[in-house]
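This report covers pockets, cavities, the chain interface and salt bridges, in that order.

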Amino acid sequence: MTATQEKGIVEDTIASGAPPLEIHDMTVAYQRRPVLWDIDLQLPEGRLIAIIGPNGAGKSTLIKAALGLVPRASGRVEVYGKPIEKQLSLIGYVPQRESVDWDFPVSVLDVVMMGRYGRLGWFRRPGREDRDAAMDCLRKVALQDFAGRQISQLSGGQQQRVFLARALAQEARLYFMDEPFAGVDAATEQAILTILQELRSHGRTVVVVHHSLQTVREYFDHVVLLNMRVVAHGPIEEVFTEENLRNTYGGRLPLLEQAADAVQRRSV
Amino acid sequence: MSGPAPWLAVLALAAVQAALFALVGAERLLGWVQTACASAGLPYNTVMVLAGSGLLGVSSAVIGSYAVLRRRSLIGDAVAHAALPGIALAYLMARERNFFLLLLGALVSGVLGAMVISWLRQSTRTRQDAAIGLVLSVFFGLGIVLTSAVQRDPSGAHAGLEGFLLGKTAGLVSQDLLLIAVTSANILLLVWLFQKEFLLLSFDPGFAAVQRWPVPALDILMMTLLVAATVIGLPAVGVVLMAAMLIIPGVAARFWTDRLAALLPLSGAIGLGSAVGGTYVSSIREGMPTGPVIVLAAAAVCLFSMFAAPRRGIAAGVVRRLQMQERVARQNLLRSLYELVEESPDSAVTAEDVAGKRSWSVADAMKLLRRAEARGEVRRTMDGRWTLTDLGLQRALDVVRAHRLWELYLVEQASIAADHVDRDADELEHILPPEMLHQLEDRLKQKGRWPEDRVPASVHPLEGAAREGR
């Protein structure tokens, strides 16, 4: 796909006014045990959106299932009005840091360059242009001096920033980030936040799995409260209320839990 | 990234090769090689054997490196062992030693073994390691039973199937070697072609999928190449040891480099060297099986790498540890000396004072003091006591500053009790990088906790100094 074609698609989708992400009635199961029930979501464009909820609420699973990395038992996911599978070139992704082997023999620049592979297509090797673009992304996360380092020689916060730089290299319109703030130092947290805000100012939509309730109000515009189902979602000022939080964090829903157990037992 | 483009490219590659073969024919191709050898004055048979096993060594090492990096190296072992019943069955069906059919049988039963492993894992919740062990031993057992049956059969006594157990290059004819060489070359060609795709697949398949790469198809391709390398390696190396050819070169190469782009050629070179060397040695020694010799050669390289590699090697680690110990002892000495004379910088102390301050013997303290003297950090006074030189004082100040900054930070910011921080700071002061010290200074300055003089006072009473009395 050429750059102009890609641009054409983007213009189409914006003209159509479809939301960047729409999930209809999505249910997800691990080992036949349902972990997400009947998810319905419609997210607005150009916002920073937090997905929050207790451990085991299915926050990461929501992202992975939407992206098709985890099979969906039912439901459909649309990006700008078309099935997400057809729109992947518009999507940037920051997986959880622990999802890869950081002892893998690649350099920091190699990893960031992977963000360009999608536009390179089959067999083509990254060239000068890709290298320059990757270096620009590294500069944005202040890691330009680490380009040649092997990735295991970085701190956790630096590794997280490498993943962020790789996602920036994708030049996407809709970003999914799985716990980018997990276990990072204060400097990295600030750097990541600055980049998120910059993406927003360019009209990008960023969906972030977040774990710290203290910073939700300060960092995000929009919030999805999740605990196996969507408890509430919408603008922070409307939805981020004590009552909604109690409903999200105040113990799991015993009924859903029992039902999940029953489903799993029956199908083994 | 979907679409048939890459698979068409692979098919075209195969078609071109098939056409070439049909046009030229294996016989004529080998004839050319023979002529070339004759004109160069090289022994044709030896050249063929070494070229075949050499290419095999490179290709199995390269594709095996990916398996090692993806923590799948034992799959190769299982496939190799699972191939044995297929070899025996292929012989029983053809009733003759058709090399191509034997390898085809190996391929079919090897792939079947791999499929059983993944079925066991997904459908019966058997764990990967158990599934591998199960398939490997059961298929191998079946293979041994079938092979013995073939050998008891009068027509099969000379089938040479026992060569597949431990590997035997001596029994291979030029056509067999040509098949091995061509397959190896194709594996290398495809790895080269799919370099970028394989890197992404190995490092982060999830990210690859989000970028629309067909991860399952790429995974199958990589697996196919691994199985192909395993199968063509069986005649030369044998089912028992084939896994070593896939695993050892990659493991050895990893010690020397942090870049996949360098690891693959290096691994290939190690595979080449050990395969050629092993084949040569086993060919000049009567009755020496090829596989074990190749494996031992590769293992020697691996052992050497493990020990001698610059950063990841054991020797480098020992050197680093010794250097660190040396630095810690030196810094502790400087800090002890400084603290002993902190109140009156011009006074001198004895080795006993120093030893008493740390848990050192007097002899150790003397040894450290003499070394410091050689560096010009301390000098002896007329009465045989020790005092810091200007240089020593300078260095001691840096050490003490780092130590006390860190202590202060722990007490002030991390609210750790003052009598606990000495030991923590003791361990960390030696490794704090300069930029972190600056950060500590800044933080303490912000909080108004930065003292006027260059070295903050200690947060806890100093044993030695207290004893000296004021």
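## Largest pocket

The largest pocket is lined by 23 residues. Those nearest its centre are B:Leu107, B:Leu179, B:Thr183, B:Asn186 and B:Ala228. Four elements of chain B give two or more residues each to this lining: α1 (5–24), α5 (99–124), α8 (174–193) and α11 (215–237). α1(B) gives the most, with 7 residues. Helices (H or I, at least four residues) and strands (E, at least two) are DSSP runs, numbered from the N terminus.

The volume of the largest pocket is about 740 Å³. A pocket here is an open set of points on a 1 Å grid over the protein atoms alone, with protein on both sides within 12 Å along at least five of seven lines; lining residues have an atom within 4 Å of a point. Points are joined across faces, edges and corners, and the volume is the space filled by probe spheres set on them. By class, the lining has 19 nonpolar, 4 polar and no charged residues. Ala, Val, Leu, Ile, Met, Phe, Trp, Tyr, Cys and Pro count as nonpolar, Asp, Glu, Lys and Arg as charged, and the others, Gly among them, as polar.

## Basis of the model

This is a predicted model: local features need pLDDT of at least 70, side-chain atom pairs count only at pLDDT 80 or more, and totals for chains, interfaces and linings use all residues. Residues are numbered from 1 along each chain as its sequence is written, chains are lettered from A and ligands numbered from 1 in the order in which they are written, and side-chain values use heavy atoms, with hydrogens and water left out.

## Cavities

The count is 4 cavities of 30 Å³ or more. A cavity is a set of grid points where a 1.4 Å probe fits but cannot get out. α3 (44–69) and α11 of chain B each supply at least two lining residues. α11(B) gives the most, with 4. By class, the lining has 7 nonpolar, no polar and 3 charged residues.

## Interface of chains A and B

The contact (heavy atoms within 4.5 Å) takes 38 residues from chain A and 35 residues from chain B. The buried area is about 3200 Å², of which carbon and sulfur atoms give 63%. Buried area is the accessible area (1.4 Å probe) lost on putting two parts together, summed over both.

Between the chains there are 5 salt bridges. Each is a side-chain nitrogen of Lys or Arg within 4 Å of a carboxyl oxygen of Asp or Glu. B:Arg259 and A:Asp110 form a salt bridge at 3.0 Å, N to O. On chain A, β6 (91–94), α3 (108–120) and α5 (156–169) each give two or more residues to the side that touches chain B. α3(A) has the largest share, 8 residues. By class, this side has 21 nonpolar, 10 polar and 7 charged residues.

## Salt bridges overall

Over all chains, the search finds 29 salt bridges. A:Arg119 and A:Glu171 meet in a salt bridge at 3.9 Å, N to O. A:Arg119 lies in helix α3 of chain A and A:Glu171 in the loop between α5 and β7 (174–178), so the pair ties together parts 52 residues apart in sequence.
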